[in-house]
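Work through the exercises below with the sequence and the coordinates open. Each task is followed by a stepwise solution.

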Amino acid sequence: MWYWLFKYVFLGPVLWGLGRPTVEGTENIPAEGGAILASNHQAVLDSFFLPLRVPRRITFLAKSEYFTGTGLKGAFQRWFFSVVGQVPIDRTGADAAQDALNAGLRVLAQGKLLGIYPEGTRSPDGRLYKGKTGLARMALESGVKVIPVAMIGTEKVNPIGSRVWRPAKVTIRVGEPIDFSRFEGMGGNRFVERAVTDEVMYKLMKLSGQEYVDIYAATLKKKAPAADGSTPAPVAGVAPANDASTVTRLPDTRAS
C-alpha cells in the first residue's frame with residue numbers, strides 16, 4: 001500500500017513537478033513475470049523516477065546502511081525503505097556478493113521486477129563505468145531477461161553533494177530485453193559472466209549517450225581528492241573527464 005501512496009500521492013507529484021519525466025520504450029517491460037531492469041546510476045533519485053514511470057512495482061536491492069541508521073533520520077529511512085518493499089544487502093562482509101545474489105534471485109523467483117545498478121555505485125562524473133558481474137550471475141541463474149534502462153537528467157535534479165532538489169528535465173529510455181538463454185548452464189564461468197555484463201553495459205552506453213570508462217566507478221572514487229585538497233595519484237589508463245586526451249575502450253560484447 002505504501003509503495004503506491006508514495007508513488008501517486010506523497011512523492012510522485014513532487015517528482016513530476018521537478019523533472020517532468022518522459023519515458024520511451026515501456027512496451028519493452030513485460031506485463032508479468034520476473035525480469036531485471038539494469039540501469040545506469042546518475043543520482044539517488046534514479047530509484048524514485050524510474051518507479052514513477054514504470055507501471056509495475058520495482059524492487060531494488062538497497063544498501064544495508066539505509067536500514068541501520070540512528071536517530072530520527074535513521075528511523076525514517078528504515079521505515080521508508082521497508083514499507084516500499086526494498087531489500088537490504090550488506091556490501092561489506094565477506095559473503096556480501098553471495099548474499100546480494102541470493103536476495104536478487106528470491107525477488108526474481110517471485111515473478112517481480114528487480115532493479116539493479118550494474119556499476120555498483122553512482123557515477124562520480126557523469127560517465128558510464130564498468131559493470132560488475134553480479135548482474136550476469138543473477139540473469140544466468142534465474143533465466144530471466146535483462147532490460148537496459150538509461151536515466152538521463154536525474155543528476156541535474158539531484159546533483160552529487162547537494163541536499164536540494166532542482167528542476168530539470170528527466171528522460172527515461174527503456175531498451176529491448178536481452179535474452180541470454182544462449183548461455184544456459186554456463187553460470188559461474190567468469191568469462192561468460194563478463195561477456196554478459198559487457199553486453200548490457202554496451203546497450204546502456206548506446207541508450208544513455210554516456211562516455212564509457214573501462215574501470216569500476218568505486219576505483220575512481222577511492223582516488224577522489226583528499227580533505228586537505230591534495231591530488232591523489234591518477235588511476236592507470238583513465239584521464240579526467242575534462243581531459244580531451246581521454247581514450248575510451250568500449251565493452252567487448254563477444255561471447256569468446
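The exercises cover ring pairs, a surface patch, strands, a backbone angle, a core and salt bridges.

The model is predicted: local features need pLDDT of at least 70, side-chain atom pairs count only at pLDDT 80 or more, and totals for chains, interfaces and linings use all residues. Residues are numbered from 1 along each chain as its sequence is written, and side-chain values use heavy atoms, with hydrogens and water left out.

**Exercise 1. Aromatic pairs**

Task: classify the ring pairs F6 with F80 and F76 with W79, and state where their residues lie.

Solution. 
1. Rings of Phe, Tyr and Trp (its six-membered ring) pair if their centres lie within 6.5 Å; planes under 30 degrees apart are stacked, over 60 edge-to-face, and the rest tilted. This rule gives 15 aromatic pairs.
2. For F6 and F80, the centres are 4.9 Å apart and the planes 85 degrees apart, an edge-to-face pair.
3. Helices (H or I, at least four residues) and strands (E, at least two) are DSSP runs, numbered from the N terminus. F6 is in helix 1 (residues 2-10) and F80 in helix 4 (residues 71-83), so the pair ties together parts 74 residues apart in sequence.
4. Buried means under 20% relative accessible area, exposed over 50%, and partly exposed in between (1.4 Å probe, protein chains only). F6 is buried at 12%, and F80 is buried at 10%.
5. F76 and W79 form a tilted pair, with 5.9 Å between centres and 40 degrees between planes. Both lie in helix 4, three residues apart, about one turn of the helix.
6. F76 is partly exposed at 48%, and W79 is partly exposed at 33%.
7. Ring pairs link W2, F6, F10, F48, F67, F76, W79, F80 and F81 into a cluster.

**Exercise 2. A nonpolar surface patch**

Task: which residues form the nonpolar patch on the surface, and which helix supplies its largest share?

Solution. 
1. Patches take residues with over 30% relative accessible area and no salt bridge; like charges are joined within 9 Å, and nonpolar side chains (Val, Leu, Ile, Met, Phe, Trp, Tyr) within 5 Å.
2. The members are M1, W2, W4, Y8, V9, F10, F76 and W79, together with about 870 Å² of accessible area, by the Shrake-Rupley method with a 1.4 Å probe, where for residues only the protein chains shown count as cover.
3. Helix 1 and helix 4 each supply at least two residues, and the largest share, five residues, comes from helix 1.
4. W4 is found in helix 1 and is partly exposed at 32%.

**Exercise 3. Strand 5**

Solution. 
1. Strand 5 spans residues 113-116; L113 and G115 on one side and L114 and I116 on the other are all buried.
2. Strands pair if DSSP finds at least two bridges between them. Strand 2 (residues 35-39) runs parallel to strand 5, joined by four bridges, and A38 stands opposite I116.
3. Strand 3 (residues 58-63) also runs parallel to strand 5, joined by three bridges, and I58 stands opposite L113.

**Exercise 4. A backbone angle**

Solution. 
1. Most residues other than glycine have a negative phi.
2. R20, not a glycine, has a positive phi of about 40 degrees.
3. R20 is in the loop between helix 2 (12-19) and strand 1 (22-24), and is partly exposed at 44%.

**Exercise 5. The largest nonpolar core**

Task: how many residues does the largest nonpolar core have?

Solution. 
1. A nonpolar core is a set of buried Ala, Val, Leu, Ile, Met, Phe, Trp, Tyr and Cys residues joined through side-chain atoms within 4.5 Å.
2. The largest has 31 residues, and L37, F49, L50 and I58 have the most contacts inside it.
3. Helix 3 (46-53) is among the elements supplying at least two residues of this core; helix 3 gives the most, four residues.

**Exercise 6. Salt bridges**

Task: locate the partners of the salt bridge between R173 and E24 and of the one between R182 and E199.

Solution. 
1. A salt bridge is a side-chain nitrogen of Lys or Arg within 4 Å of a carboxyl oxygen of Asp or Glu. The count is six.
2. R173 and E24 meet at 3.5 Å, N to O. R173 is in strand 8 and E24 in strand 1, 149 residues apart.
3. R182 and E199 meet at 2.6 Å, N to O. R182 lies in the loop between strand 8 and helix 8 (190-208) and E199 in helix 8, so the pair ties together parts 17 residues apart in sequence.
4. R182 is partly exposed at 47%, whereas E199 is buried at 14%.
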